[in-house]
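I opened this entry to keep track of what I looked up, in the order I looked.

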Amino acid sequence: MSLLALADLRVALPLPDGGMADALRGVSLTLEAGATLGLIGESGCGKSLTALAIMGLLPDGSRLAGSIRLDGRELIGLPEREHAALRGRRMAMVFQEPMSALNPLHTLASQIGEPLRLHQGLSASAARAESLRLLERVQLPQASARLDAYPHQLSGGQRQRVVIAIALACRPALLLADEPTTALDATVQREVLDLLLQLVREDGMALLLISHDLAMMAQTVQQLAVMYAGQIVEHGTSADVLQTPAHPYTRGLIAARPRLGLARGTRLATIPGRVPPLGAMPPGCGFAPRCTYAVAACSAAVPWVHPVGPGHTARCIRTDVVQATPPTPDVLNAR
Amino acid sequence: MNPPLLHVEGLGKRYRLSRRLPWQAAPEVQALDGVDFTLLAGRSLGIVGESGSGKSTLARIVMALERPSAGRVRLDGDDLHALDAAALRAKRQRLQMVFQDPYGSLDPRRTVGHSVAEPLAVLQGAKAAEQAERVAQALHEVGLAPADAAKYPHEFSGGQRQRIAIARALIVRPALIVADEPVSALDVSVQAQVLNLMQDLRDKLGISFLLISHDLAVVNLIADEVLVLQAGRVVERGTPESLFARPQHPYTQRLLAAVPGVLSR
């Protein structure tokens, strides 16, 4: 039994005009204890929504279908009280902005201690001692002196360490991290990611990491799932997905990145068009209108998930053609 | 010989923090310390460094939004901070800015055409008909349609909004655009469109960029010269090729080491 299993997860969000928009359109993935999976894609593709659905934090009025199982237990339809009891205890989430994830009016000790008092019934003094241990574990400098500090007295990187300490407080089995280092400086980013990986390893936690940063993912997670328009369009080991990308969207993302070593004045490959807005999904393959490989059949039906290598799949009917073309930016630009 | 487009000498900025106790002297931070550089017309300069290194302070002083505590900023040879209000307003036609967040920098209740035309109306007092024509041209230059002028910001994607912000900077035909993290809020594919546009403006219109970014790969693409700032001081400078291939200063080496390299084949 997998720790986490999503099967054909569908989420429809309420629109301002009263209608519903399909935001997740059949997301399936599994995550084993101790494994690391990255969800990658551009804004609006459904990465964060997937995490929020797992956490049970979707906006009011959302409609869910399919299945989300944690430890084999179905979370869809779970009463809010029982979902809340899982949050923090079995699964926890780290958000992008450490400043808005922390309460500016409470000390670090009181914020880290909250889940401990709530879920584990620790006394105030025991929670304080445990908070100190957690702050030391996330390598916050001068941890004991900072127990009574407020978030504004810390730097961005230090705040994110505190957020991670809170997430880890009850030793969750699943850690969801949504762009945990995007707001941090490059040198601090690496430190925070290394810390996350170390903690995940030590506790045997599973990590679902969300990011738009391909290179960061390559160095951090074992498995990678590329999302586009509410679906996983490519899935495999990080090495396979990034070195032999089989879906045209994955190729487009890789080619569009500015890289050190490009000559000054090099034009970057772009993906024509834009991400389809909610409620206006094109028929068939969501990427077809922007795809240089698209043929008429692409828009006729949503493509099946095709195997393209061992443990490597792509939701594209043209993978044979795509894979026969070398993945260079020039190819992607030719239209 | 003409004076250089932008000449910055001995630039320093000190901020006074609030005092902890009434009888103590207020502590000060040195946000910038002895920054010198020269930017020739048509050339572009990249400023890299981490948060707190003084990048944005430098941008604000070059834009004459703040006064330096020491040193001078000369634009076309004129000391920007010694100009009176009218002369400074005239100078602003040579100098425009693009900010990081395309969502926060456009007024949601004004049409795109109104926002783009604003510098033209304020700085040059252009007539309505001329404004409409120049708006259409500026939108065209950033790859948008003239009809987009009648729409509102929420009808555009993040990348399109950043192009609108660039169109607003372009409309007065500036010689220099100060761009503070212009693509860091954008998605990868959209970022590529905006970077290509910036390269076009540099190469076709001869616009100079003072590009502030924490992303070395972005700076590498746009800048002819790069300054590395740490704690308000320039610790290293050079062409992107030499600086990124053979960083000398430990801080530059640390910045480069933090760039994930797996995909940089």
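This is a predicted model: local features need pLDDT of at least 70, side-chain atom pairs count only at pLDDT 80 or more; totals for chains, interfaces and linings use all residues.

Entry 1: I looked up the strand order and found an open sheet of 8 strands, running β6-β7-β8-β3-β9-β10-β12-β11 in chain A. Its pairing is mixed. I then checked the edges. β6 (91–94) and β11 (306–309) of chain A stand there, and each has a single partner strand, so one side of each has no neighbour in the sheet. From one strand to the next the twist averages 20°.

I picked one pair to follow. Strand β3 (residues 36–40) and strand β8 (residues 206–211) of chain A run parallel and are joined over 5 bridges. Within this pair, Leu39(A) has Ile210(A) of β8(A) as its bridge partner.

**Entry 2: helix α4 of chain A.** This helix covers residues 108–120, which makes 13 residues. Its first and last C-alpha are 18 Å apart, close to the 18 Å expected at 1.5 Å a residue. I also looked for a bend. α4(A) bends by about 30° at Glu114(A), and Pro115(A) follows within four residues.

Which residues of α4(A) are buried? I listed Leu108(A), Ala109(A), Gln111(A), Ile112(A), Gly113(A), Pro115(A) and Leu116(A). The buried residues of α4(A) pack against α5 (124–137), α6 (143–146) and α7 (156–168) of chain A. Just after the helix, Gly121(A) has a positive phi of about 65°.

**Entry 3: the sheet of chain B.** Here I found an open sheet of 4 strands in the order β2-β1-β4-β5, with antiparallel pairing. β2 (28–39) and β5 (78–79) of chain B are at the edges with a single partner strand each, so one side of each is left without a neighbour in the sheet. Strand β1 (residues 6–16) of chain B pairs with β2(B) in the antiparallel sense over 8 bridges. Leu6(B) is opposite Leu39(B) of β2(B). Helix α1 (residues 55–62) of chain B packs on this sheet and touches β1, β2 and β4 (70–75) of chain B. The direction of α1(B) makes about 60° with that of β2(B).

**Entry 4: where the chains meet.** How many residues does each chain give to the contact? I noted 33 residues from chain A and 28 residues from chain B. On the chain B side, α6 (188–204), α7 (216–222), α8 (240–245) and α9 (250–257) each supply at least two residues. α6(B) gives the largest share, 8 residues. By class, the side of chain B that touches chain A has 15 nonpolar, 9 polar and 4 charged residues.

How values were computed
Residues are numbered from 1 along each chain as its sequence is written. Chains are lettered from A and ligands numbered from 1 in the order in which they are written. Two residues are in contact if their C-beta atoms, placed from the backbone, lie within 7 Å. Ala, Val, Leu, Ile, Met, Phe, Trp, Tyr, Cys and Pro count as nonpolar, Asp, Glu, Lys and Arg as charged, and the others, Gly among them, as polar. Two strands pair if DSSP finds at least two bridges between them. Axes are lines fitted to C-alpha atoms, for helices over the stretch in contact, and angles run from 0 to 180 degrees between N-to-C directions. The expected span of a helix is 1.5 Å times one less than its number of residues. The bend at a residue is the angle between axes fitted to the seven residues ending there and the seven starting there. A residue is buried if 20 or more other C-beta atoms lie within 10 Å of its own, exposed if 12 or fewer, and partly exposed in between; C-beta atoms are placed from the backbone.
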